[in-house]
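Me: I am new to this structure. Please show me how to read its features, one at a time.

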Amino acid sequence: ITVQANPLKFKKDLERAGFTITGEHDPSHTLYLRFGKQARREISAARTETFAKPAKPEYSSAGILDDLRRRDFTANAMALSLNEGSWGLLLDPLNGTADISARQLRLVNNYGFLEDPIRLVRAVRLMSRTGWDMEERTKARYDNAKAEGVISAINAVQRGYELEEIGYEEEPQQVLKALEAEGWLEHLSPNWSSRSVDVQGLERLHEKFVQLLMAGLHPDPSAAQFRLLTAKLSPAHLSALKKMFVRGDLIAEANALDTEAKHALQKMTAKDAAKPSQLWKLLHSVKPEA
């Protein structure tokens, strides 16, 4: 959500409305939020960005159209108005609709990868998720930026954000391998790799996830995925990885899984859950993640 204001000034209003603030980035006036269990949101100030050096933006307040024109890819440079007088109006100044139809990522700015090299990582993550390709000139600029080694300029906040995003992907192992194949994972976190993953555990988790969906339950698998994606990391490397994250909710939920699962299991094996109808009610009363 983008607003033509500074969201950091109305944190208390958001909390009163039921949001939980999980992090913030003061330079860009961005808040990271949760609403309920599964709704993750970001609220940021509409802005422009100028780059004196790669990955070191200087922010200035702007209107929504200028904000869209400073984004990474045209498919992400679109907005729906939430104002009463123009509710639902599509703002698409760079024709992102056409690139969505063509299933391709196109840079908003010819210098996008050079100015903000984290876009190299984001491009691979988004392509792995969607199965899209890069538009021809965007691919050429990607290859040039990769050859010039600009990825070394990314900052700690960008690393932490992109690392956490892997855990939220529907196919996180696929994304992890794609980043690893391009060499980006080494720049994000050199100790995390596809060798750190409990592959069989992820397969079992997916099976259970589908079963719960069929039973009318809708768990958020992210915390469990993160545990399995990092199952073979040493405690020291796992601790270092967690410290890089920008938001704290994924780590807190992953750490709480064992206790919550034990509590749920105690309820399920109790006498008052012996009948199928009782167990069904219980399943729909405990946290589905547990």
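**Contacts, strands and a helix**

Reply: Start with Ala75, which touches Gly96, Ile100 and Trp132, leaving aside residues up to four places away in sequence. Contact means heavy atoms within 4.5 Å. This is a predicted model: local features need pLDDT of at least 70, side-chain atom pairs count only at pLDDT 80 or more, and totals for chains, interfaces and linings use all residues. Residues are numbered from 1 along each chain as its sequence is written, and side-chain values use heavy atoms, with hydrogens and water left out.

Me: Where is the place of Ala75?

Reply: Helices (H or I, at least four residues) and strands (E, at least two) are DSSP runs, numbered from the N terminus. Ala75 sits in the loop between helix H2 (64-69) and strand S7 (79-80). Ala75 and Ala98 are 23 residues apart in sequence, yet 8.6 Å apart in space, C-alpha to C-alpha.

Me: What is the order of the four strands in the open sheet?

Reply: Strands of a sheet pair through backbone hydrogen bonds, either parallel or antiparallel. Two strands pair if DSSP finds at least two bridges between them. Here the order is S1-S4-S3-S2, with mixed pairing. Strands S1 (2-3) and S2 (19-25) are the edges, each pairing on one side only.

Me: In which sense do S1 and S4 pair?

Reply: S1 and S4 (residues 39-45) are parallel, over two bridges. Thr2 has Ser44 in S4 as its bridge partner.

Me: In which sense do S5 and S6 pair?

Reply: S5 (residues 47-53) and S6 (residues 56-61) are antiparallel, over six bridges. Thr48 has Ser60 in S6 as its bridge partner. In their hairpin, with two residues between the strands, Ala55 takes a positive phi near 65°.
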